[in-house]
Amino acid sequence: QDRPKIELNSVDRKSKVIQLVDFKQVYDELRQDSSYKFAGEFFELKEVGKDQTTEASLLSANRGKNRYTNILAYDKTRVKLGATDDDPGSDYINANFIAGNNSKREFIATQGPLPGTKEDFWRMCWEQNTPIIVALCQVVERGRIKCDHYWPYDSDPEWVGSDLQLVMERESTLPNWTERDFILTKGETSRRIKQYHFTVWPDNGVPSSLEPLVKFVRQVRFEMNRFLDRGPTIIHCSAGVGRTGTFVGFDRLLQDYENKSYVDIFGMVYEMRMSRCLMVQTEAQYICLHELVYDLQMGKYNFDRD
Ligand SMILES: CNC(=O)[C@H](Cc1ccc(NS(=O)(=O)O)cc1)NC(=O)[C@H](Cc1ccc(O)cc1)NC(=O)OC(C)(C)C
């Protein structure tokens with residue numbers, strides 16, 4: 001039987017295009033021998049982007065604004081807050097712009113807010129005109145605090161900075177995620193912001209079943225497409241790299257599968273890691289991106305039921 005021509009752009013070290021007609025064979029080859037070839041591909045991504053500077057993250061005034069010592073924001077892609085004159089580092093938040101299929105700044109990837117950066121987080125939401133927040137971690141996971149509870153517990157208005165007022169208008173808990181509607185007000189102007197909070201994704205890992213995550217990503221994409229005139233969607237987990245990068249990968253691959261005859265998962269992760277470190281943090285998450293495309297090819301998901 002003629003082996004299908006598999007386009008692995010070994011010459012271009014930044015991409016590995018796989019034609020969808022060849023995907024099952026390529027996926028099976030990568031999985032052979034305990035995913036030996038997956039491990040090799042993921043290792044090729046290890047140093048991508050790491051030669052870029054993170055000077056703002058390392059300013060003494062900003063060190064306390066980083067949740068983790070090894071997750072810093074590249075200067076080139078970092079989100080800059082409107083600086084206040086007298087405070088060095090006042091423009092800093094641990095967040096980077098990330099490209100989506102539709103624009104170079106379709107997403108903002110950020111760490112789970114700290115108690116001391118919660119107001120910076122809401123200031124970023126306002127300044128970037130964000131319509132949607134995607135939260136991918138729980139406040140506490142396996143007994144460790146992973147993210148501040150940066151939103152109100154009830155419908156009482158809260159001040160989240162000297163001039164920003166936040167109200168939670170609605171909270172709806174579903175089996176795998178919770179949806180919250182906020183109104184953020186500055187002076188006489190109010191904006192609606194929707195939070196999609198996925199609650200069943202273990203840190204450093206992948207969900208036990210991909211189907212709830214696929215449905216979640218599709219729901220967020222449906223909502224994003226209603227707000228194309230607004231700013232970037234903010235995505236966070238605890239560090240804002242592993243689960244966050246995998247979410248962006250799912251969003252892009254679900255669109256690519258509908259609109260293209262090929263995928264380039266390696267190239268997509270390469271591009272993400274040029275914008276923020278460790279995006280798609282683990283090999284299991286990297287494999288999970290491929291499993292999504294394999295499952296789509298095998299007709300595993302019937303989206304008509306959504
Ligand atoms: C493997 N874990 C880590 O690298 C985490 C940062 C992190 C990354 C990704 C995720 N997953 S997520 O992006 O999906 O939330 C959680 C936490 N870092 C820490 O815990 C670092 C230690 C560390 C681990 C690994 C490494 O290579 C360098 C330094 N610890 C650390 O920052 O300690 C504080 C919180 C007390 C300041």
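How much space lies in the largest cavity? I looked this up to begin with, and found about 40 Å³. A cavity here is a set of points, on a 1 Å grid over the protein atoms alone, where a 1.4 Å probe fits but cannot get out. The volume is the space filled by probe spheres set on the points, which are joined across faces, edges and corners.

Before going on, I noted that this is a predicted model, where local features need pLDDT of at least 70, side-chain atom pairs count only at pLDDT 80 or more, and totals for chains, interfaces and linings use all residues. Residues are numbered from 1 along each chain as its sequence is written, and side-chain values use heavy atoms, with hydrogens and water left out.

**Cavity**

I counted one cavity of 30 Å³ or more in the structure. I then listed the lining of the largest cavity: K65, I93, N94, T110, Q111, P113, T117 and F121. Lining residues have an atom within 4 Å of a point. By class, I found three nonpolar, four polar and one charged. Asp, Glu, Lys and Arg count as charged; Ala, Val, Leu, Ile, Met, Phe, Trp, Tyr, Cys and Pro count as nonpolar; the others, Gly among them, are polar.

**Ligand**

Next I turned to the ligand. I found 15 residues around the ligand, and T69, N70, D203, G242 and R243 come nearest. To be near, a residue needs a heavy atom within 4 Å of the molecule. The shell holds five nonpolar, seven polar and three charged residues.

I looked up polar contacts too (pairs of N or O atoms within 3.5 Å). D203 places a polar side-chain atom 2.7 Å from a nitrogen atom of the ligand. A polar backbone atom of A239 is 3.0 Å from an oxygen atom of the ligand. For V241, a backbone N or O atom lies 3.2 Å from a ligand oxygen atom. The protein buries 57% of the 770 Å² that the ligand exposes when taken alone. Such areas come from the Shrake-Rupley method with a 1.4 Å probe.

**Backbone**

Which residue has a positive phi of about 55° although it is not a glycine? I found N129. N129 sits in the loop between α3 (118-127) and β5 (132-135). Helices (H or I, at least four residues) and strands (E, at least two) are DSSP runs, numbered from the N terminus.

V280, also not a glycine, has a positive phi near 65°. I placed V280 in the loop between α6 (265-275) and α7 (283-297).

Is V280 buried or exposed? V280 is buried because its relative accessible area is 0%, with buried meaning under 20%, exposed over 50% and partly exposed in between (1.4 Å probe, protein chains only). N129 has 22% relative accessibility, so I noted N129 as partly exposed.

Conventions: Polar contact = N/O pair within 3.5 Å; in protein donor to acceptor, adjacent residues only side chain to side chain. 1 Å grid on protein atoms, 1.4 Å probe; cavity = no way out; pocket = protein on both sides within 12 Å on 5 of 7 lines; lining within 4 Å.
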